Amino acid sequence: MTSRFVPLTGCSNFRDLGGLPTTDGRTTTWRRAYRSDTLQELTDDDVKRIVGDIGLTTIIDLRTKREIEAEGRGPLEAEARIRHVHLPFIGELEVRDEVPETIERDVLADYVHMLDTAGHLIAQAVETIATSPGPVVFHCAAGKDRTGILAAIVELLLGVPREVVVGDYELTNQVLDGVIERLGRLESYTNVRTQPASNFVCRPEVMDRFVGVLDERHGGAEGWARAHDLDDATLTSLRQTLLH
C-alpha cells in the first residue's frame, strides 16, 4: 500500500486521505484531499512539491486568529494560485492551549464542544472541501484534534467504516515526536514544552466515542450534515470528488 504520509521537511503530519475503504466497496481518492499539521515552516523544496507535484489549490486553516498572527501562514501565503480559507474551530475567548493535553483535559469533551459551538464552521469546511477546484489541505497546529474531527466527519460522510476512521486518527502517533519537536519551538504552544509526549498521544477510544456521539445525537455524520444545511448537491460533490 502507498504511504499516506507525504515526506516534507517543514512539517511532519501532511498526509493523503486517499486509499481508505468504504462500506459500499469503493475507495477514497488519492491526491485530492490532505490533512496536515501547521505549514509555516515549509522549505523551498516542500513548496515545490506541494505546488508543482500535488497541485494544491486550497488551504483550510483551522487555527485561531491568535495562532495565525503569532506564527504566520508560511511560504504558501505568497502562492497566488492557492486560496486560503480561515475557519477557526476554537473561539478566541475560550482558548487556553490550542493543543490539549490528553491527561489534564478531557479531549473528547473538547471535540464535542467544537461540534456544538463551531458546527457551522465545520460544515463550511466540508463544503469547501467538496467544492475546491483541485487538491485541498486542511490543518491546525498538530494536525490531530481540530484536523482530526474534520477528517473523521469527511470520512464518515464518504462511507468509511468507523474502525478505519479511528485508525486514521491514530496515524498521527507515528509522527508525533516530530510534531511535538516543531511545536515546542513555537511561542503559541508553551504547553507542548512542559508536558511529556505521552500526554499528546491520539487515543483510539477518544475518536471511537466521538463517532458514537455523532451517531447518538444526529443518527450519524449525514444526519449531522443535514442539520447544518449541507444539501444533496454538496454531499454528492464531496462523494464524486473523493470516491472512486
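The radius of gyration is taken here over C-alpha atoms, and the globule rule is 2.2 Å times the number of residues to the power 0.38. The model is predicted: local features need pLDDT of at least 70, side-chain atom pairs count only at pLDDT 80 or more, and totals for chains, interfaces and linings use all residues. Residues are numbered from 1 along each chain as its sequence is written, and side-chain values use heavy atoms, with hydrogens and water left out.

**Figure 1. Overall fold of the protein chain.** The secondary structure comprises 11 helices and 5 strands (DSSP runs numbered from the N terminus; helices are H or I with at least four residues, strands are E with at least two). For 244 residues a compact globule would have a radius of gyration near 18 Å, and the 17 Å of the protein chain agrees with this. The C-alpha trace spans about 45 × 40 × 35 Å along its principal axes. Of the 244 residues, 58% are buried (under 20% relative accessible area; exposed is over 50% and partly exposed in between, with a 1.4 Å probe and protein chains only). Among contacts (heavy atoms within 4.5 Å) between residues at least 6 apart in sequence, 77% join residues at least 24 apart.

Figure 2. Helix H6 covers residues 162-170, and its buried residues are Val165, Val166, Asp168 and Tyr169. These residues lie on the same side of H6, because they cover an arc of only 160° around the axis (the arc is that of the directions from the helix axis to the C-beta atoms). An α-helix has 3.6 residues a turn, so residues three or four places apart point the same way. The cover over the buried residues of H6 includes strands S1 (15-16) and S2 (33-36), together with helices H3 (107-117), H5 (146-157) and H9 (204-218).

**Figure 3. Close-up of Gly18.** Gly18 sits in the loop between S1 and S2. Gly18 counts as buried because its relative accessibility is 0%. Leaving out residues up to four places away in sequence, Gly18 touches Arg4, Thr28, Thr29 and Trp30. Ala118 is 100 residues from Gly18 along the chain, and their C-alpha atoms are separated by 26 Å.

**Figure 4. Close-up of Gly119.** Gly119 belongs to helix H4 (residues 119-131). With a relative accessible area of 3%, Gly119 is buried. Residues up to four places away in sequence aside, Gly119 touches Met114, Trp224 and His228.
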